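Biologist: Please take a close look at one part of this model, the packing of its helices against one another. I would welcome a connected account.

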Amino acid sequence: MERLRVFTAAKIRTMDPGRPEAKAVAVSDGRIVSVGTLESMEPWLRRVPHDLDDSFANRVLLPGFIDPHTHLRQSGIYMGLNYVGPIDSTDPNGRPVAPLPDREAVLDRLSALLAAHTGKRDEALVAWGYDPGMQKGHLDRDMLDRISSDVPIWVLAYAPHIVYANTAMIERIGVDESSRVHGIGRFSDGRLNGWFVETEAVALAARPVRTEVFGQGFGLESLRLQGQVAVRSGVTTTADMIFGIESFDREWDDHQTAIEQGMLPLRILLVPFEGRLRKQYGDNFLEFYKTMEEKSSERLAVHGVKFVNDGSYPSMTLRLNYPGYLDGEVGLRGEVPWEEMFDRMLPFWKNGIQIHSHANGDETVDMTLNTLSALQNAAPRFDHRFTIEHYCISTPAQSRRLAALGGLASVNAYFVHTRSGIHADHGFGPDRAEATARLGSLVRAGATFALHSDYNLVVAPMHPLTAAWTAVNRLRAEDNTVVAPGERISVERALRAITVDAAFVLNMDDRLGSIEVGKHADFAVLDDDPFEVDPKNLKDIAIHGTVLGGEFHAASSS
Ligand SMILES: [Zn+2]
């Protein structure tokens, strides 16, 4: 060891329950050498030359936050399109764009965009960000036809599980009433309604606008922007949960380049999408993992596999058990038939590749638990870390079964605050809406879980302290009522879910998630102590920046 750098702080919350607090942390080669006080680490300081760094003397250090489910590159691409969403967003240059309150405002915006579109009538008008829950109702073909009957119009929902198209666009996509594609929507009379729902149909609908959507060369630029967002949120590690959706090679290269050029101060795991893996590699998928392993580093690596088995929460396309949706909607399954799920998962299970399985609704959670149970019966495993992604609508019984099968959950909790009011009367009904993200049930069942944002493919910020605040307080946005109070969790448990338990969910807890000897020197630098502030103010703690492998990155204000 050549030299030590010793950071002192007002307080260090290590998230190591055995040694929970410290005042100094010594770092060398990007890793932690000692945690304690200047006095306690004296045996090191006496032997190794060192520099004292007191720039965090008035700050509080926590382990760098881990958001275990994001889509940074893909969401940046969408941010380059015309925006019609319900919350503040940014354009490709990071400039703010204003939200639109409802469907009427969105149709007006599309009309205005079309007026500016003259001269390129055969080019499609492409927009992103529609939210059928917050903006009060789905779009359809007839509404979009009233804007234009000849310019193809293509609108992607904020959670990109739905594309809405007008007649000119439907023709360009090349489907008609006789088409039998999983996920194309119809009016009650059988006529196509312009909806393309879930991965297979969305991919079909995206084909004719590939150039407009993906051809902007925006992949690298979006990573740079999202890297800034991560630093401002205290995030040092994330996992992209749909690697390969555009191209394994291009996505890997963009991340690699962004990291090499110092634009992306993060550790990133890329989790391959099973549908794409199977299409490209068939039964030889182990070859893929071998090749990727050779390329991987402590900053960028391939991890596990991702299955998508129902729709999204905000677009109201998840699958619900009895009594179902208020209006008789049924949601949508993913394109892997549920009867084939066991056979599709088994090769990954047997080869020790961690499975991340998206399940938003309780019907999908049941299917996933049945599959996990069948996998356990076929080839019993300990410490498999099978993770249910999102786990938005579930029951206490499902939490107990998940724990009994050794499974984990990575939960999107933001919706409790922003959408439990909306979906009480729209979509899922009051009971399911209130009990969104049953984290208290997971605690009582003894299951380990993480909190994630799914940023920016659902209407939620990447800001782990806000996720923790939501989980601790469960305040409904409309009236600050506490919803499903028994599902609230402690501050300590919520902070674990964005640090050490999130590391466990990504199978990185031997290296990340707490401030412990031997782990990476990754910290979130905060202005206040989240264990000391009023829990109502958890999300408002100012974030000064992050430390990644011992290097400080300042949170810029722009
Ligand atoms: Zn996702």
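**Helix packing**

Modeller: Helix α8 (residues 219-232) and helix α9 (residues 248-260) have axes that come within 9 Å and cross at roughly 50°. That angle makes α8 oblique to α9. Here helices are DSSP runs (H or I, at least four residues), numbered from the N terminus. Axes are lines fitted to C-alpha atoms over the stretch in contact, with angles from 0 to 180 degrees between N-to-C directions. Angles under 35 degrees count as roughly parallel, over 145 as roughly antiparallel, 65 to 115 as roughly perpendicular and the rest as oblique. This is a predicted model: local features need pLDDT of at least 70, side-chain atom pairs count only at pLDDT 80 or more, and totals for chains, interfaces and linings use all residues. Residues are numbered from 1 along each chain as its sequence is written.

The crossing of α8 with α9 is right-handed (the near helix is turned clockwise from the far one by less than a right angle; anticlockwise is left-handed). From α8, G219, L220, L223, R224 and G227 meet R250, D254, H255, T257 and A258 of α9, contact requiring C-beta atoms, placed from the backbone, within 7 Å. By class, this contact has three nonpolar, four polar and three charged residues (nonpolar: Ala, Val, Leu, Ile, Met, Phe, Trp, Tyr, Cys and Pro; charged: Asp, Glu, Lys and Arg; polar: the others, Gly among them).

Another pair is helix α13 (residues 362-378) and helix α14 (residues 396-404), whose axes come within 11 Å and cross at roughly 25°. That makes α13 roughly parallel to α14.

Technical notes: Helix = DSSP H or I, 4+ residues; strand = E, 2+ residues; numbered from the N terminus. Contact = placed C-beta atoms within 7 Å.
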